[in-house]
Amino acid sequence: MKSFDYIRPATLEEAIAAGSQPGASYLAGGTNLLDLMKVDVARPDRIVDITRLPGLDRTEMHDDGTIRIGALVRNADLARDKAFAAACPAVAEALLSGASPQLRNAATVGGNLMQQTRCAYFYDPHSACNRRQQGTGCDALGGDTRNHAVLGWSDSCIATHPSDFCVPLTALDAVVEIEGPEGPRDAPLSRFYSLPDEAAPGGVDLAHGELITALRLPSDAASFAGHARYLKLRERTSYAFAIVSAAAMLRMEGGVIAEARIALGGVAARPWRSVIAEERLRDAAPSADLFVEAAEAVLQGAEPSGENAFKIELSKRLVIRALQRAAEGTPERMPALPASVFASDTGVSDHA
Amino acid sequence: MPDTHTPTAPTASRVRLGSNAGQPMTRRDGVAKVTGSATYAADNRPSDLLHAVFASAGIARGRVSHMDVDAAKSHPGVVKVLTPQNCPSLEIDPDAKPHAFSWRIEVLQNDSVRYAGQPIALVVAETLEAATEGARLLSPTYEEQPVRIGFDGDAPYDPPAIGIGSAPSFTKGDIDAGHASAEYSTETSIETPIQYHNAMETHAIVAEWNGDRLTLDTPNQAIVMARGMFAGYFGLPPENVTLRSPYLGGGFGSKAVPIGPQLLAILAARMLKRPVKLALRRDQMFGPVLHRGATRQTLKLGTDADGRLTALEHHSTGVTSSFDEFIEPAANASHNLYASPAIVTRHKAVRADIGTPGPMRAPGEASGSAALEIAMDIAAEAAGLDPLEFRLRNYAETDPASGKPFSSKALRECYAAAAKQFSWASRPRAPGQMRDDVGRLVGWGMGSCLFPNPMFPAQARAVLRRDGTALVETAGADMGQGAWTALAQIAADGVGLPADRIEFRSGTSDLPDGGIAGGSGHTASAGGALYAAGSDVIAKLAGLATNDPASPLFGAGNVGVAARNGRLFRADDETRSERYEDILARAGLDEIEGAGSGGRDPANAEARAMFSHGAVFAEVTIDPDLYQIRVSRLVGAFAAGRIINPKLAKSQLTGGMIWGVGFALHEEGLHDTRTGRPMNADLAGYHVPVNADVPSVEALIIDEEDPYVNPLGIKGVGEIGITGTVGAIANAVWHATGARIKSFPIHIDALLR
Amino acid sequence: MPLSISLTINGNRHDTLLDDARATLLDVLRERIGLTGTKKGCDRGQCGACTVLVDGRRINACLTLAASVDGATITTIEGLARDGELHPVQAAFIENDGFQCGYCTPGQIMSAVGLIAEGDAGDDPERIREGMSGNICRCAAYPGITQAVLDAQRRLADDERVSA
């Protein structure tokens with residue numbers, strides 16, 4: 001790890017002034033940044049520790065239904081916040097399916113939004129990677145690609161976004177609140193991560209020096225609370241990134257889907273929301289055929305970026321399953337294995 | 001010397017272990033381990049300590065053309081950079097193999113690169129942070145050559161030997177005739193990937209010189225043997241080296257032989273005249289410290305109309321490094337388990353630009369058993385038989401390979417006990433018939449377990465003190481299997497004392513050679529030596545008493561005496577006994593010393609085949625559309641001779657079974673075939689099982705008396721648990737889905753249909 | 001520029017002049033303060049061996065800059081036993097053979113203490129398994145670990161009832 005100056009500003013203004021200096025990086029929970037620094041992918045000259053900034057560690061449930069989550073709220077605290085979990089159960093389930101309890105205790109909301117891809121070529125300093133250094137190429141292409149993108153990729157980058165948290169958030173129209181040298185601004189999460197094109201590898205809509213201060217959910221977020229699930233397929237039962245994951249949320253009215261939200265994780269450089277599929281579901285009664293149609297719509301245009309065609313079929317099935325689970329209704333209690341296909345309270349949990 | 005009932009070279013029929021062995025004692029090192037006071041190698045902090053980090057090669061084949069040594073040196077805190085240009089040579093060429101257990105290693109002897117992750121320089125600094133950054137600042141450039149990775153990177157060849165010195169092929173009977181007479185012929189092909197030991201403790205060393213004496217704190221599974229190997233590289237007499245390894249943070253086969261980074265740390269400590277600590281980073285565990293080699297196996301089985309094997313043919317190709325050889329002896333798993341009139345096994349090898357493989361928990365047996373048990377399942381299905389029934393029909397009453405009788409074999413009892421516990425009898429034969437209460441696919445499969453019972457030369461010393469306590473010592477290695485506890489239990493029985501009245505010393509090279517903690521043979525080998533040393537003391541003590549007219553045991557020489565709980569008893573009259581302290585005091589002795597060695601009666605070794613056996617039954621639960629798999633239940637039953645500590649033995653067995661879960665579902669070392677670089681060299685990419693992966697695992701222990709395997713009747717439990725389990729899980733996956741497994745680990749996409 | 005930090009570790013205050021801002025909490029504990037009970041398994045938050053409690057919460061010390069937890073109260077494995085008496089979780093790990101090599105054990109135990117304090121798992125073995133899945137045990141002592149956490153959880157709950 002390269003040597004750096006460590007700065008712990010007391011106010012947001014000080015933080016942004018320090019963070020705007022060349023080579024500065026903001027540090028919150030550190031669970032991704034420190035990891036990247038240890039493998040030399042991130043080499044900041046200056047660490048601006050924002051963990052003591054006042055006022056950013058609160059979750060506010062407003063009367064108008066909007067929810068504002070401070071950027072420094074820890075993942076575990078948000079998932080365990082009863083009012084929040086009741087309003088946005090799929091988000092809580094996604095949070096609890098990510099990483100490990102220790103990491104969730106440290107990782108922050110803002111940091112989760114800023115986490116980098118887990119593409120092995122991005123992490124390997126010897127490999128060419130446009131995301132690490134634009135213009136060098138993409139060694140993932142033609143390499144080991146089981147975990148890579150099937151949607152929205154280009155030859156410049158086939159990496160996926162690894163977050164669980166951001167998948168249901170994207171579907172819920174979350175807005176990122178940003179403070180920066182040029183003042184505050186909002187960015188919709190659905191466009192916060194740009195997809196790669198032939199020229200650029202994609203990245204985050206955040207200028208140097210800008211800092212995420214909060215995440216805002218619109219007033220209708222809680223309207224899906226009764227029928228909201230997050231499902232995540234993994235190579236082991238827990239403590240693993242998704243092969244693919246899906247958030248499905250339905251607002252049901254009289255047995256009919258009044259509104260639907262669907263997004264996939266692990267398939268593209270951003271959580272992949274499908275408005276077309278959501279439209280297909282609107283005002284329809286849940287049925288197997290309907291869910292198949294919706295799944296086809298979500299995966300429209302999907303193409304393998306390597307040895308990962310299976311992810312397309314798997315994603316379709318996962319969308320169908322997530323919709324089925326959502327239609328069945330949000331479980332009263334968080335499953336013992338959040339977001340797992342083994343989440344049922346029956347079966348193996350009897351064995352001590 | 002009068003005859004006694006505790007002879008120095010007892011035979012099993014005469015050994016009556018006392019009140020210690022056989023008891024489920026908790027670990028004697030338990031408090032140290034749960035309070036953080038157990039000292040692992042990297043926990044040592046001698047004063048004036050320096051930290052070393054090695055730079056890893058970023059290519060897999062070629063040479064280093066340049067390193068920016070100045071940049072590294074100018075990083076604050078860096079005190080030394082070792083490269084091939086300034087690295088002193090060793091007394092033994094690191095590319096030589098002076099010992100049967102030597103590997104060719106890299107100690108900066110030249111600038112060549114033969115696998116990615118190879119050490120290419122060492123940076124020593126005042127702090128770990130400085131050494132780490134110094135190593136990075138070297139920014140090496142390379143001349144690269146095309147790499148060979150996997151089974152198809154190079155032409156297969158016939159290796160002169162497999163494993164460590166084993167014959168690459170074996171033939172029994174007429175295999176062609178066996179195939180010709182078969183009613184059913186089945187062929188099974190299985191690939192197993194590279195797997196990495198990944199002990200939680202990475203290889204670490206603290207090296208400190210004092211003149212021509214060297215002290216090493218480093219985890220090691222073969223303490224005295226390794227001391228000699230380290231000494232050899234530095235031209236020292238072995239007694240000048242002290243190797244301390246009281247606790248290993250896991251070994252699994254990777255911590256027996258010296259590796260290059262350890263020697264580099266020792267060299268740096270000598271050059272800088274200060275102690276040096278080097279602990280591998282996790283990513284550095286994926287290259288220089290051995291791994292389980294990949295295999296490509298094919299089995300051809302012939303079965304007659306009654307479901308009896310007529311031919312068993314097992315071929316395996318193993319991948320080794322370009323510069324050294326360890327061929328996974330996978331096909332040998334078919335030698336000793338199932339009866340067949342004709343057995344052929346053959347090994348081929350392929351070279352690749354990777355680190356050299358080596359022994360990893362059940363080397364050969366794990367990979368070979370995985371393939372064999374799948375092949376047996378397929379053959380059972382072809383013959384229309386239940387998998388357990390098929391295995392019973394092919395039960396080997398004598399060793400299939402040698403024809404020798406087994407020293408003991410309670411496999412039938414294992415099958416029965418595990419099957420009953422699992423409720424195997426209610427299993428429908430056809431696949432895809434079972435569902436759980438929420439509609440998930442459920443499958444049941446089974447496999448047989450087998451592991452040989454090697455022993456290693458081992459010595460021990462025992463000293464009975466006039467206060468009635470004893471010091472018993474051997475350089476044993478506790479890598480988690482429980483040597484501190486199980487060996488102490490045996491040692492206590494050897495001297496006829498309760499365990500809390502012996503001081504058990506172990507884990508350092510200045511003690512008698514405890515042999516190798518490997519091959520599941522440590523308890524038998526070192527334990528035998530400890531027992532013999534105690535017996536030697538007791539024989540001397542009995543000699544004193546029975547010849548002393550003042551002793552109640554006077555004249556008991558012909559009927560013998562027994563030692564128990566700190567007293568000697570007349571064998572034919574237990575009312576006549578005497579305390580150890582009193583015998584010593586009257587003889588005017590401060591202590592009595594005894595020595596012993598472990599071993600096996602050569603006549604028994606020649607006459608008998610010796611194996612631990614077991615049976616594992618697995619239940620998998622699989623999502624019917626999404627195919628994520630969970631091993632929802634494992635039940636194993638094992639017969640492994642005399643069990644010294646059932647609590648610890650069960651932990652070994654369930655741990656091995658969970659390694660089977662990792663083999664079946666998770667573990668896989670991935671290399672980019674274009675560059676040869678490992679692509680998942682961390683614990684987020686290289687998956688091993690986590691707690692949630694193993695909801696229910698149970699190991700049953702089947703009583704087994706073995707009068708031949710060694711005087712104490714001990715076999716071994718460290719590795720057998722992984723055998724059988726991998727195949728059982730794969731067979732359960734078939735039973736759930738109808739899909740036969742062709743490669744490990746079993747990924748979702750292999751089942752997706 | 002050296003940083004002056006203050007940590008309260010196992011009840012003892014440590015005022016440390018940190019010579020290098022790069023030092024993680026894990027490396028400060030192990031190499032500078034000499035509390036080597038906390039172990040380094042992966043140094044990347046992928047194994048849980050370095051789990052400690054920071055202000056009562058279990059975290060991975062390897063992904064925490066020491067400078068960032070200046071002023072915090074830290075509990076490590078060395079601080080769990082009181083007056084020579086093992087913490088119930090420690091005792092339960094011994095009784096249930098919840099470890100073999102012992103290297104991951106300090107992290108497992110600190111994680112278990114954190115899990116029980118979080119109160120989400122209760123005596124549901126499946127929730128305990130999930131809640132302990134951030135701690136890899138290569139020896140695979142998981143059945144004993146799960147049982148140990150169950151036993152300790154029950155014992156601590158009983159103690160609470162008695163004292164209430």
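Let's start with a sheet in chain B: an open one of 4 strands in the order E20-E19-E18-E24, with mixed pairing. Strands here are DSSP runs of E with at least two residues, helices are runs of H or I with at least four, and both are numbered from the N terminus. Two strands count as paired if DSSP finds at least two bridges between them. Strand E20 (502-505) and strand E24 (591-598) of chain B sit at the edges with a single partner strand each, so one side of each has no neighbour in the sheet. From one strand to the next, the twist averages 15°.

A word on what you are looking at: this is a predicted model, where local features need pLDDT of at least 70 and side-chain atom pairs count only at pLDDT 80 or more, while totals for chains, interfaces and linings use all residues. Residues are numbered from 1 along each chain as its sequence is written, and chains are lettered from A and ligands numbered from 1 in the order in which they are written.

Back to the sheet. Strand E18 (residues 458-465) of chain B pairs with strand E19 (residues 470-473) of chain B in the antiparallel sense, over 4 bridges. Ala462(B) stands opposite Val472(B) in E19(B). Helix H10 (residues 483-494) of chain B packs on this sheet, touching E18, E19 and E20 of chain B, and its direction makes about 135° with that of E20(B). Helix H11 (residues 522-546) of chain B packs on the sheet too, touching E18, E19 and E24 of chain B, at about 145° to the direction of E24(B). For these angles, axes are lines fitted to C-alpha atoms (for helices, over the stretch in contact), and the values run from 0 to 180 degrees between N-to-C directions. Touching, or contact, means that the C-beta atoms of two residues, placed from the backbone, lie within 7 Å.

Now for one residue in a loop. Ser520(B) lies between E20 and H11 of chain B. Is Ser520(B) buried or exposed? Ser520(B) is buried, with 27 other C-beta atoms within 10 Å. The cut-offs are 20 or more other C-beta atoms within 10 Å for buried, 12 or fewer for exposed, and partly exposed in between, with C-beta atoms placed from the backbone. Leaving out residues up to four places away in sequence, Ser520(B) touches Phe451(B), Gly716(B), Val717(B), Gly718(B), Glu719(B) and Ile720(B).

Chain B has another open sheet, this one of 5 strands in the order E7-E15-E14-E13-E8, again with mixed pairing. Its edge strands are E7 (169-172) and E8 (184-192) of chain B, each pairing on one side only. Neighbouring strands are turned by 10° against each other on average, direction ignored. Strand E13 (residues 295-303) and strand E14 (residues 309-321) of chain B pair in the antiparallel sense over 9 bridges, and Leu301(B) stands opposite Leu312(B) in E14(B). Helix H7 (residues 365-382) of chain B lies across E8, E13 and E14 of chain B, at about 150° to E8(B).

Zooming out, chain B is divided into domain 1 (12-38 + 456-599), domain 2 (41-146 + 203-279) and domain 3 (295-454 + 606-751). These bounds come from an automatic or database domain assignment. The centres of domain 2 and domain 3 of chain B are 37 Å apart, taken over C-alpha atoms. In the contact between them, 12 residues of domain 2 of chain B meet 17 residues of domain 3 of chain B.

| Chain | Secondary structure | Buried residues | C-alpha box along principal axes |
| Chain C | 5 helices and 5 strands | 66% of the 164 residues | roughly 50 × 35 × 25 Å |

From the N terminus on, the elements of chain C run β-β-α-β-β-β-α-α-α-α. Chain C has a radius of gyration of 16 Å, close to the 15 Å that the globule rule gives for 164 residues, so it is as compact as a globular protein of that length. The radius is taken over C-alpha atoms, and the rule is 2.2 Å times the number of residues to the power 0.38.

Finally, the contact between chains B and C takes 47 residues from chain B and 49 residues from chain C. Helix H1 (30-35), helix H3 (128-137) and helix H14 (646-665) of chain B are the elements that give two or more residues to the side of chain B that touches chain C. H14(B) gives the most to that side, with 7 residues.
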